[in-house]
Amino acid sequence: MTAWIESLTHFVAAHAWLGYLTLFLAALLEAVPVVGSVIPGSTIILALSALVPSGDLDLVGVLLAAAAGAVLGDGTAFWVGHIQQHKILETWPMSKYPAVIAQSEAFFHRFGTLAVFFGRFVPPIRAFVPVTAGALGMAPAKFYTVNILAVVLWAPAHVLPGVLAVSALHQYSGLPHHTGYGKQIWIPAVLIAAAFAGLATWWWHRRKRAAV
């Protein structure tokens, strides 16, 4: 794992634009209906944020890449729903996930405009709320205003924990950033935690289906 992280770090340092592109695509694809339910965009962003303190990636660049991907992904999904209206929710591949669609509609009806804001922070509903908002006739100006405000808060919430954690590890351990000590701890920790969360979610859904 340490060797893999070192290889990743050296590669990103030599091709920083690919690091920003990866962050952009992670945030973008996470907002795509259905696809966003299986793309671990938040995990990727949280893990790669560990490359900021060592100087491999720039903090502002990371925030802008993640925010731009999220805004473009959410905005595109909303516009598709706005044009197609409710029939988009009944066509493939959306029709393959009636439970999540129903959950997204209930979430939207319960919270109204705030569903767009809260939905950005709640997977896997995050991948369905924008298209649902468009399909249910939410005004574009209202959607984009609330969505951009949510993304402005969402991006730092996913980037800063890694930056602060790695910086704190180096500060209190007394090791310089270039040693890579912090990111060698943070990146595996994020990946392992995400794997356990995924397994726990899968187990819970399986148990729920068995009970039904």
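Predicted model: local features only at pLDDT ≥ 70, side-chain atom pairs only at ≥ 80, totals over all residues.

Student: How is the packing of two helices described?

Tutor: Two packed helices are described by the angle between their axes and the distance between the axes. Here the axes of helix α2 (residues 16-30) and helix α3 (residues 41-48) come within 8 Å and cross at roughly 155°. That makes α2 roughly antiparallel to α3, a label for angles over 145 degrees.

Student: Which residues of α2 and α3 meet?

Tutor: With contact taken as heavy atoms within 4.5 Å, T22, L23, A26, A27 and E30 in α2 meet G41, S42, I44, I45 and L48 in α3. By class, this contact of α2 with α3 has six nonpolar, three polar and one charged residues, where Ala, Val, Leu, Ile, Met, Phe, Trp, Tyr, Cys and Pro count as nonpolar, Asp, Glu, Lys and Arg as charged, and the others, Gly among them, as polar.

Student: At what angle do the axes of α2 and α4 cross?

Tutor: The axes of α2 and helix α4 (residues 59-84) cross at roughly 30° and come within 7 Å. α2 and α4 are therefore roughly parallel to each other, the term for angles under 35 degrees. On the α2 side the contact is made by Y20, L23, F24, A27 and L28, and on the α4 side by G61, V62, A65, A66, A68, G69, A70, L72 and G73. The residues of the contact of α2 with α4 divide into eleven nonpolar, three polar and no charged.

Student: How many cavities of 30 Å³ or more does a search of the whole structure find?

Tutor: On a 1 Å grid over the protein atoms alone, a cavity is a set of points where a 1.4 Å probe fits but cannot get out, and lining residues have an atom within 4 Å of a point. The search finds one cavity of 30 Å³ or more, and the largest cavity has a volume of about 40 Å³, the space filled by probe spheres set on the points. D74, V116, G119, R120, R126, V129, P130, F143 and N147 line the largest cavity, and these lining residues divide into four nonpolar, two polar and three charged.

Terms used:
Residues numbered from 1 in each chain as written. Heavy atoms only, no water. Axes fitted to C-alpha atoms, helices over the stretch in contact; angles between N-to-C directions. Helix = DSSP H or I, 4+ residues; strand = E, 2+ residues; numbered from the N terminus. Parallel < 35°, antiparallel > 145°, perpendicular 65-115°, else oblique. 1 Å grid on protein atoms, 1.4 Å probe; cavity = no way out; pocket = protein on both sides within 12 Å on 5 of 7 lines; lining within 4 Å.
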